[in-house]
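Colleague: I would like to learn how to read a model of this kind. Could we go through the main features in turn?

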Amino acid sequence: MSTNPIHIFDTTLRDGEQSPGASLNIDEKLEIARQLERLGVDVIEAGFPISSPGDFEAVRRIAALVQNATGRKAKTELFIRKFARVYTPIVVFLALGLTFIPYFSIENYVFNEWLYRA
């Protein structure tokens, strides 16, 4: 079992305006950033702040929005991660025990049956 987390990296706000005819105002970019944050995206590339004052302002506001949202959910997320780190191995160990322990105590032990029960 791997302990390396998967990080979701989104470039919608950066690459979306590279399409011909696509242009988003600051409010539209903020709404997209809110939805990406709600989905739990780890990294949001918000655009090119050096390209214009409007892009700079949009990136600044998106960074503030995401930073504030991250601060609000950090305690809950930390608890869930700690709980999963303890709970998951316990459940796996119990399932393995339920699969193999009956082998020593049941006369007509059928592996597939106990694997299914576990």
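Modeller: A residue is buried when its relative accessible area is under 20%, exposed when this is over 50%, and partly exposed in between (1.4 Å probe, protein chains only). D55, at 17% relative accessibility, therefore counts as buried. This is a predicted model, in which local features need pLDDT of at least 70, side-chain atom pairs count only at pLDDT 80 or more, and totals for chains, interfaces and linings use all residues. Residues are numbered from 1 along each chain as its sequence is written, and side-chain values use heavy atoms, with hydrogens and water left out.

Colleague: Where is confidence lowest, and where is it highest?

Modeller: The predictor's confidence in each residue is its pLDDT, on a scale from 0 to 100. The protein averages 81, and 92% of the residues score at least 70. Helices (H or I, at least four residues) and strands (E, at least two) are DSSP runs, numbered from the N terminus. Helix α1 (residues 12-15) has the lowest mean, 78, while α2 has the highest, 86.

Colleague: Which residues make up the largest nonpolar core?

Modeller: In soluble globular proteins, nonpolar side chains tend to be buried together. A nonpolar core is a set of buried Ala, Val, Leu, Ile, Met, Phe, Trp, Tyr and Cys residues joined through side-chain atoms within 4.5 Å. Here the largest one has nine residues: L13, L30, A33, L36, V41, I44, A46, V59 and I62. Two elements, α2 (26-39) and α3 (53-100), each give two or more residues to this core, and α2 gives the most, with three. Contact means heavy atoms within 4.5 Å. Leaving out residues up to four places away in sequence, I44 touches D10, L13, A33, L36, E37 and V66.

Colleague: How many salt bridges are there?

Modeller: Side chains of opposite charge can pair when their charged atoms come close. The rule asks for a side-chain nitrogen of Lys or Arg within 4 Å of a carboxyl oxygen of Asp or Glu, and the count comes to three salt bridges. In one of them K29 pairs with D55, with the closest N and O atoms 2.9 Å apart. K29 belongs to helix α2 and D55 to helix α3, so the pair ties together parts that are 26 residues apart in sequence. K29 is buried, at 3% relative accessible area.

Colleague: What are the closest N and O distances for E31 with R34, and for E57 with R60?

Modeller: For E31 and R34 the distance is 3.4 Å; for E57 and R60 it is 2.6 Å. E31 and R34 are three residues apart in helix α2, about one helical turn. E57 and R60 are likewise three residues apart, about one turn, in helix α3. E31 is partly exposed at 37%, as is R34 at 36%. E57, at 26%, is partly exposed, and R60 is partly exposed at 44%.

Colleague: In which loop does P49 lie?

Modeller: P49 lies in the loop between β2 (43-44) and α3. At 33% relative accessibility, P49 is partly exposed. Neighbours within four places in sequence aside, P49 is in contact with D55, F56 and V59. The C-alpha atoms of P49 and R60 are 8.2 Å apart, although eleven residues separate the two along the chain.

Colleague: Is T99 buried or exposed?

Modeller: T99, which is found in helix α3, is buried, at 3% relative accessibility. Apart from residues up to four places away in sequence, T99 touches Y109, F111, W114, L115 and A118. By contrast, F79, also found in helix α3, is exposed at 56%.
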